[in-house]
Amino acid sequence: MQAYYSDNAVTLYQGDAWQVLRTLPGESVDAVITDPPYSTGAVTLAGKQAPPKVKYQNTGTVKQYPDMLGDGKDQRSFLTWAVMWLSEAWRVARTGAPVLIFTDWRQLPTVTDALQAAGFHWRGIVTWNKLCGRPILGEFRRDTEFIVYGSKGKYQTHTRQCLPCIYNHAVNPARKRHISGKPLPLLVELMEIVQPGGTVLDPFLGSGTTAKAARETGRKCIGVERSPEYVRIATEYLQETG
Ligand SMILES: C[S@@+](CC[C@H](N)C(=O)[O-])C[C@H]1O[C@@H](n2cnc3c(N)ncnc32)[C@H](O)[C@@H]1O
């Protein structure tokens, strides 16, 4: 398959994650780190199917982003779809590779089910503390998102360093390029799980944060993004210096 963009560390494909993953060779990447559309943000199906701008952005937010694709699935189709792309990610990952998948509290049980149904070992949950959750009267703040952590077979570590279970990083709106873009410093820290020089697969690259972090930390990245607008934004981000 023809790459949309490539440099000495990053190869980017525009297309559907499952279809692109099917073209990649087996046992060819050292980690999977990805942030798929959550298909969440509401209790009802009608709420979930609202455009991401409506369900994920606070009223009065000025910055506008291109639409995020594929975010309106109901639970059964979300699970089926997650098992499909995770099964291909399992095939493409080398034995012993770690897998990290972003999700929120609503989808956490479904993502851990999908991970295991696809063949990965489930190893734990890492917490991303966003330090910005809106207070809810009489309830717990929803300040956190989660990173489901697993491995293809027995985990093969490259480091003797103990990694944290909670990562504290606020989203910087001025630097955000995607409606649900993750902070670059968070991805930079998560790269510790990947061996230096290793290749990370991100099938839902968005604005390119995983690829940028991989390159900054001496890793490589294969990214896939379906949206033509976000693939362009990711390419521009990767071409920026600094
Ligand atoms: C949550 S966002 C990733 C954001 C990214 N972590 C960042 O920091 O910019 C998920 C991305 O997956 C893309 N996407 C949705 N369905 C897809 C599919 N089937 N194949 C590839 N990309 C898809 C969306 O357009 C969206 O940009």
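How do the residues of the shell around the ligand divide into nonpolar, polar and charged? I looked this up first: nine are nonpolar, eight polar and five charged. My sorting rule was that Ala, Val, Leu, Ile, Met, Phe, Trp, Tyr, Cys and Pro count as nonpolar, Asp, Glu, Lys and Arg as charged, and the others, Gly among them, as polar.

**Ground rules**

I'm working with a predicted model, where local features need pLDDT of at least 70 and side-chain atom pairs count only at pLDDT 80 or more, while totals for chains, interfaces and linings use all residues. Residues are numbered from 1 along each chain as its sequence is written, and side-chain values use heavy atoms, with hydrogens and water left out.

**Entry: the ligand**

I found 22 residues around the ligand, and Asp-35, His-178, Ser-207, Thr-209 and Glu-225 come nearest. To be near, a residue needs one of its heavy atoms within 4 Å of the molecule.

Next I checked N and O pairs; a polar contact is such a pair within 3.5 Å, and within protein one atom must be able to donate a hydrogen and the other to accept it, with residues adjacent in sequence counting only if both atoms are side-chain atoms. A ligand nitrogen sits 2.8 Å from a polar backbone atom of Ala-17. A ligand oxygen is 2.7 Å from a side-chain N or O of His-178, and an oxygen of the ligand is 2.6 Å from a side-chain N or O of Thr-209. On its own the ligand has 610 Å² of accessible area, and the protein covers 98% of that. Those areas come from the Shrake-Rupley method with a 1.4 Å probe; for residues, only the protein chains shown count as cover.

**Entry: His-178**

I went back to His-178, which lies in the loop between strand S7 (166-168) and H6. Helices (H or I, at least four residues) and strands (E, at least two) are DSSP runs, numbered from the N terminus. Is His-178 buried or exposed? It counts as buried, because its relative accessibility is 6% and buried means under 20% (exposed is over 50%, partly exposed in between, with a 1.4 Å probe and protein chains only). Leaving aside neighbours within four places in sequence, His-178 is in contact (heavy atoms within 4.5 Å) with Tyr-65, Met-68, Gly-206, Ser-207 and Tyr-230. Its side chain also reaches the backbone nitrogen of Ser-180 at 3.0 Å.

**Entry: helix H5**

I listed the buried residues of H5 (residues 108-117): Leu-108, Thr-110, Val-111, Thr-112, Ala-114 and Leu-115. Their cover includes helix H4 (75-92), strand S4 (98-103), strand S5 (121-129) and strand S6 (144-151). I zoomed in on Thr-110, whose relative accessibility is 11%. The side chains of Thr-110 and Gln-75 are joined by a polar contact of 3.0 Å. Just after H5, I noted Gly-119 with a positive phi of about 115°.

**Entry: cysteines**

How many disulfides are there? I got zero, taking a disulfide as a pair of cysteine sulfur atoms within 2.5 Å. For Cys-132, the nearest cysteine sulfur is that of Cys-165, 19 Å away. Cys-132 is partly exposed at 48% relative accessible area. For Cys-162, the nearest cysteine sulfur is again that of Cys-165, 12 Å away. Cys-162 counts as exposed, at 73%.

**Entry: Val-194**

Last, I found Val-194 in the loop between helix H6 (184-190) and strand S8 (199-202). Val-194 is buried, with a relative accessible area of 0%. Not counting residues up to four places away in sequence, Val-194 touches Ala-31, Ile-33, His-158, Val-200 and Arg-219.
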